[in-house]
Each structure stands twice: as structure tokens, then as C-alpha cells.
Amino acid sequence: MGLLEKIFASTWGVHPQDYKRPAADLAARAMPTPERLFVPLAQHLGAPALPTVLVGQKVKKGERLADPQGAVSAAIHAPTSGTVSAIGEIAAPHPSGLPVLAVTIDADGADEWCELAPCDDPFALDPDEIGRRVAQAGVVGMGGAAFPSALKLSSSKKAGVNTLVINGGECEPYLSCDDRLMRDEAAAIVDGVRVMLHATGAKRALVGIEDNKPEAIAAMTLAAAPFGDVTVRAVPARYPMGSERQLVLTLTGREIPAGRLPADAGVVVHNVGTARAVSEAIRYGRPLVERLLTVNGGAACAPGNVLAPVGALVEDVLAFAGGLKGEPARLVMGGPMMGMALPHARVPVVKGTSGILALSAAEAVEHEREPCIRCATCVRACPMGLLPLEMARHIESDDLKGAVDIGLKDCIACGCCSYVCPAHVPLVQLFAFAKGSLAAEDRAKQRLEATRKLAQAKNERMAAEAREKAEAAARRKAERAAAKAKAEAEAAAANAEAA
Amino acid sequence: MSRLAYRAERTFAAPHAHGDGSVGQTMFLVQLALTPATLFGFWLYGWPAFFLWTTTLVSALVFEFFCLRLMGRKAPGRALADGSALLSGWLLAMTLPPWSPWWVGCLGAFIAIVVGKQVFGGLGQNVFNPAMVARVALLISFPLQLTAWVTPLPLVGAGAPGFVDGLYIFLGQTPLPDAMTSASLLGFAKTELARGAELSQAFAAVGAPQVSWLGVRAGSLGESSALLIALGGAFLLGVGIIRWHAPVGVLAGTLIPALIAHALAPERFLDAHTHLFSGALLLGAFFIATDYVTTPATAAGRLAFGLGVGLVTWVIRSLGGYPEGVAFAVLLMNGITPLIDRCTRPRILGRTRGGEAIAAVGKEA
């Protein structure tokens, strides 16, 4: 960072009121398995998994329900024992509520694990074997993005990653499941971190925890103390500290090049929840079938952290967590800054669900938009150094290219700009719209290109056929002419002979 | 288990939380910051100043309302409540000679709101600072009225016009008595220099104008009290409405050349102290150069903008034809704001200043 940037770079990000307590300080509650679970086949980034069970089949907890399909995908396992009662569609935990394929399991109440393959000494395993076992367990990133973890582990080794960054930032307001996990399961997390160090070949692990979680920092520091290669560091509480690029920069001082992965800066980032899931998968052979999530929000009667099976409906989780004070104004899966508004409560919890927020009318208040007064609060808030007000101006005048030219594609959609805008301009929403339009444009262009190629190939084929036909005709004509000439010559010769 | 009947009435996009603050609140805080200096102006210049201020603000609101109506805005009353027109009118009133007749305030408000702001598309769209557009248009069109300064006569003091007398002055019925007209210090210096006099001699003469922190001097309605304007500015800095870059730029841009020039040729150039406490420099630094709409968006850009305003002000004051140059300087810099914005874009994380992706680092570590 140059001197100029030191003077002018204001502190990026925002400081929203976090509403993490009292939920964070209460003991986590384990939710009993509901009668019926709806386990979506697409809970991760990439291709949906391919079901391997049949309707009517009995499954045990942890049994494979679906295989990964394609290069980027993850396996899905049964969250409880019971019977597969259907493989059909259910509303996705997404604002659209569009249907996704899910395996429905009627729980038998026994919650009986299938046979698992524990491992006493993970460090004796080949690093690639760890990747395989993590893939077997269907572990995905638990911070929200749900990228298949095994892929990150195996590619890190190839990319020569030297630093493992563990994300305990949990910068989203309201959420405290990572905080709770670090306080309660610090040893398991640190174990998972060490297994991941072994798997990735990284030399050291840095655990970044926001300084508004002193209990978690203390617990993790204690758990990591025996291991020299795992360091716990407090980072300033500031949204979006839990964003990959910002956390890596804060912890290591390394800047990830635009459009590249952390691996290009020698870093790989995993969430604390993922670290624990890796430990469970390797030590006990347990696949990822349940997770800790935060139930919070002004409309929730008893905010707190709940251990819920994957596939449990949001309404069941809310009911277990103490119910709601009347109708919520908005239901959100994830945090308030980047979480997704739910269409209704009959959507399932997935591996990446960090929280369910029932926001009251006072929290979800919608402000009328006013004209932008160019106050540049958004410029100061943007953690990427973009000019949100200028990008919005371009997008609103249908100049998407202009917006791309000044950095639209570098936007990480953290929402800081919209959060701070005093005129309530829907900035990040505009950027999401523009990115969607650009993606649609790209797809249309590709389709057009494919059509063009097909048409060209057809033309060439037709031309070739016509050419062949013409050549064949010419050949035949030549043959006929030759035959005729020959016949005439023979006739002439015969005549001559006769004469 | 009870079923939750909730259904989202439509899709909502993140974020689902919003910070405090609104346009109206911003405008209100700026107005609050202007209040002490304004009240001081009333005390210093009496009833006519109060009438002028009221007229200018009310006119600004009326013109804004009619423009919003003409443009077919829904609920023009609500748009009016954001306080932006009130603030433009207020800033204009601050820069007017306190005993100007009513039509100066009225016409000024028209120029500021209609010509300076609404023809560009309204709030947030104008290129030039509306109050400064009006100030300059008035100064050029009515130089006599716009340079008719009065000797401060505190409201409670002897000789100050009472309510009725003040009304007559305000209505333009009473010409300013000669005994009460006075030159501003900048005007005095310019005249003396034009006569070929040296500044030190001119200021040694009896009755030469003085400047001070307190601001009991001839000048515009709200520009005289350096102390109260700086107080308002400090308040705005404290609550985070403005940042230091533009004000520091303006002050440095004027004071640094003033210091150098005065050190080199004291008979020819005014000292920094006089520059600081004269005219609209402090008002400009804290309230005009910090206008969001017409200044650059980045911190570096705002510093550059401020420096430009300060420097051009000093050039006009010291070398130009007008004794005061803040308004001209602001308009000039407003004009090149898009250019400054273009040159001072922040560096995007992961990219070089030129926009290329940075080289990967850290792998070898």
C-alpha cells in the first residue's frame, strides 16, 4: 500500500449493529429429527447430485443418497434413518421458490447410523486419500457459498498453496453459529484445520476471528496452543471481514489478483464449520448431514443456535426454536447483508444454511428511494475500491459496458453500498441485475455463435455435396463421352475394315 | 406442529438491513451547522438581514415546489421536505450583502433553484453549485447592490434600524445612508492597490477595515464570523457529514500562496490572516466546497478540488479584477469535477491503478 493510499484509503466496509447476542451466548439446542426430511440434490455449487436410491428403499443415517455428478459436485447422504418416500420436487431455499429435486425421507425415529469408517491417525493417510474421504462425506463450504471442499483441498496441493486461512470472521449481523461452534467445538475445529494442513501441504494455518467474539478467540487460542502451525488471530469486527479477499488481505497482507482464486496468492480459505466437518468426516467417517445454524431476528421468540438435520423444513426449525411472534415481515436464509429472502417457510435447510432470520416489520422496513446526492458514502464503504454511484449511473442509463469498464465484475455483492446509501438507492441490487443481464447476454452470444457455426457447417456440407455431385456428374459425362468416342472409333474402325 | 402461513408478497433482494441516515437528515445537519453563523449575522446586521434571509429561503422553497410540479413529480411536497432547496436558499442568503432589497433574495433564489438546479434535472443532477451560480449571476448583473456593504450595527446597539425601519430598507424604500456604507476589507485593498497605494500605508490609515475571528466587520450576511463558521464546520466533521479533504484543500490552496506572496512582496499582497478571515473563504471551505453533488466523489478528488478552489480564489483576489473570488473559483472547479473524478478513481482491490490484474504474490513465501 502506497503512501497515497494510506492517506486516502478510508477504512472499507461498514459497522452494522450486529444483534449477535444474546443468541450467541445461549447453549446450542439439538433439534429432534422431524418426521419427514426433504434433502435437495443441489445443495452445493456445481452440478446437482445423481440419486442412487429408489423410492421405498430403507436407508440408514449417513447412507449415500446421491452421487456427485461432473467435476464440481458433492455427494448427498441421509440425515436420519428411514424410508425414501419420494424423489421429487420441492421449493428451493431461494427467493424464486423454483422447484429443485429432493429425496424425501420418512424418518423411522431410530436415527441409526450406517456403518462408518473411522480413522485413528489421519496424518498417516496419504493427502490425496483425505481429499477422497472428504469428497465421500459430501463436505461443502459451510460459510454459505457451499463449494465442494474436497476440490479445494486437492487443487490446493497442485497450486502450491502455503497458507491455510480459516474463516471464523462471521461478519454478518445476527449470525452466531460459527461463534458458538468455536466456543463449543474448538478442539474438533483445530483438529480439522490440522487435517486440512496435511491434505493441502500448506505450512501454516491462520484462523481469523472478529474481535467481537472474545470467547471464541479464547477457546480457539487454547485449542490451538499445542500446535505451532495453527495461529489464531483477532481481526477487526467489520463487515465484510469474512469475505475471502478481505480476510486474506487482513491476515496475510496478500492481495488476490482480480479474477483469480486465493490459490494464486498461495492461500486457500476454509470456514471453521468446514474444518469441523472435515474432522468429523476423517476421524469418524461421518458425512455432513446436520449443521449448526442461528435462528434470530426480531420476530423470533427465542433466538439461539440450533443443530438441525439437513432437509428439515424451515418452519419445523422455527417451531422447534420457540416459534415466532406473529407473522414475520421477511424470512431470510443466511445473514441480513447477503442472505436470501425465502418465498415461504416450507423450504429445506441445506448444508450452506448458516441462519434463518425472521425479521420484524421494524427490521425489514423499506425506504422510499430518493435521488443520489453523490455523497460518496458508498465509495468509502466499498471493500473493493469501486465507485458504486458511478456504476449505478451507467447501469440505469443502460450502459452495462460502461459499468464493466469501471469494475462491475469486481463487485463481490457484499451489499455495503446499499446498506449505507442515505438516498436508499438499490445499488448492489442494480449490480446483481447488471451481472445477470451480462450473463444472459453472454449466453445469447454463445448460442448465436453456436447457431452460426452450425449454419456455416451446413453450408459447407451442402457446398461439398454439390461439388461432389457436380464432380460425379462431370466424371460420368466424361466417361460417357469417352465411351461414345470409343464406340465411334470402333464403329469407324469396323466401317474401315468393312470398306 | 403449527404451520407458518408466511408467504413473501414478492421477492426481496439483499441486503435486508439498512444503516441510519437519509438525504433529509444530511441536509438538516448542514442547516444546523449554519445556524450559529446565521444568528450572528442577524445580530450583527439587524432586521433587514433577517427579512432578506427569510425571503430567500421562502422563495427557494416556492420555486422548488413549482419546478417539481412542472416536472410532474409525484408528491412534490415530500421531495421538498428533503431540505435541499432550503439549504441552497440558505447558503445563497449567507453570501448576500445583509441589507440587500427583497428582490435580490427572490431573484437569487430563482436563479439558484430554477437555473442552477432544476433545469439540470433536480437534486443530484446539477453540475454547478446552485447558490454560487446565483451569487455570481447577481454579482455580475447587479454589481452595485451586491457590493453595498454596511457597517455592522448590532441589533441591540444604538443607531440600528428598528423593525419598521428594517422593513423599509428591505423593501428598498430607504436608500442606504452614506454613513453606514462601508467597504469590505478585500474591496478596500483592491481599490487602494488600484490607486497605486501600498497596502501597509493603506491599512495604517484611519478607518481602514479590520478583520477578526469574531467577525464584527462589513461583509455578507453569514460570512463574517470565522469562529462560528469554523464551529459549524467542526460540527459537520464531527458528525461525519463532511470530511477534511475539501476544507483543508481550500484553506491550503489560498493560504500557502498568500503566505509566500506576502513574504515576498508585502506591499502588493495581503497576508494569510486577512485572506483567512475575509470574504467567503471559510464558508466556502466548510459549506460550499463540501457540497456533495458538485464536487468529486473520492477523497483524493476532493482534496484536489479544494486546492483548486483555494488557489483560484487567491489568484482572483490578488491578481484579478474582483476583490473576492470564492464563488468564481467554486464554479470553475465544479466544471472540471468530472475530469477530477476520472483522474482520481480509487484502485480496485486486486488490480493495478491502470485496471490490470495485479501479479500473483505470496506463493514463494
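This is a predicted model: local features need pLDDT of at least 70, side-chain atom pairs count only at pLDDT 80 or more; totals for chains, interfaces and linings use all residues.

Me: What does Met220(A) touch, leaving out residues up to four places away in sequence?

Reply: Gly168(A), Met182(A), Ala186(A), Ile189(A), Val207(A), Ile209(A) and Val232(A).

Me: Switching to chain B. How many helices and strands does chain B have?

Reply: Chain B has 17 helices and two strands. Its C-alpha trace spans about 90 × 55 × 35 Å along the principal axes, and of its 365 residues, 52% are buried.

Me: What about contacts in chain B between residues at least 6 apart in sequence, how many join residues at least 24 apart?

Reply: 75% of them.

Me: Now helix packing. At what angle do helix 2 and helix 8 of chain B cross?

Reply: Roughly 55 degrees, and the axes of helix 2 (residues 47-70) and helix 8 (residues 163-170) of chain B come within 8 Å. That angle makes helix 2 of chain B oblique to helix 8 of chain B. The crossing of these two helices is right-handed.

Me: Which residues make that contact?

Reply: From helix 2 of chain B, Trp47(B), Pro48(B), Phe51(B) and Leu52(B); from helix 8 of chain B, Phe163(B), Gly166(B), Leu167(B), Ile169(B) and Phe170(B). By class, that's eight nonpolar, one polar and no charged.

Me: And helix 12 with helix 15 of chain B, what's the angle there?

Reply: About 35 degrees, with the axes of helix 12 (residues 245-264) and helix 15 (residues 299-319) of chain B 6 Å apart. Helix 12 of chain B passes helix 15 of chain B in a right-handed crossing too. The contact residues there split into 17 nonpolar, nine polar and one charged.

Me: Last topic, the contact between the chains. How many residues does each chain put in?

Reply: Chain A gives 70 residues and chain B gives 45. Several elements of chain A supply at least two residues each, including helix 1 (3-8), strand 15 (330-333) and helix 14 (427-498).

Me: Which one has the largest share on the side of chain A that touches chain B?

Reply: Helix 9 of chain A, with four residues. By class, that side of chain A has 42 nonpolar, 15 polar and 13 charged residues.

Notes
Residues are numbered from 1 along each chain as its sequence is written. Chains are lettered from A and ligands numbered from 1 in the order in which they are written. Axes are lines fitted to C-alpha atoms, for helices over the stretch in contact, and angles run from 0 to 180 degrees between N-to-C directions. Angles under 35 degrees count as roughly parallel, over 145 as roughly antiparallel, 65 to 115 as roughly perpendicular and the rest as oblique. A crossing is left-handed if the near helix is turned anticlockwise from the far one by less than a right angle, and right-handed if clockwise. Two residues are in contact if their C-beta atoms, placed from the backbone, lie within 7 Å. Ala, Val, Leu, Ile, Met, Phe, Trp, Tyr, Cys and Pro count as nonpolar, Asp, Glu, Lys and Arg as charged, and the others, Gly among them, as polar. A residue is buried if 20 or more other C-beta atoms lie within 10 Å of its own, exposed if 12 or fewer, and partly exposed in between; C-beta atoms are placed from the backbone.
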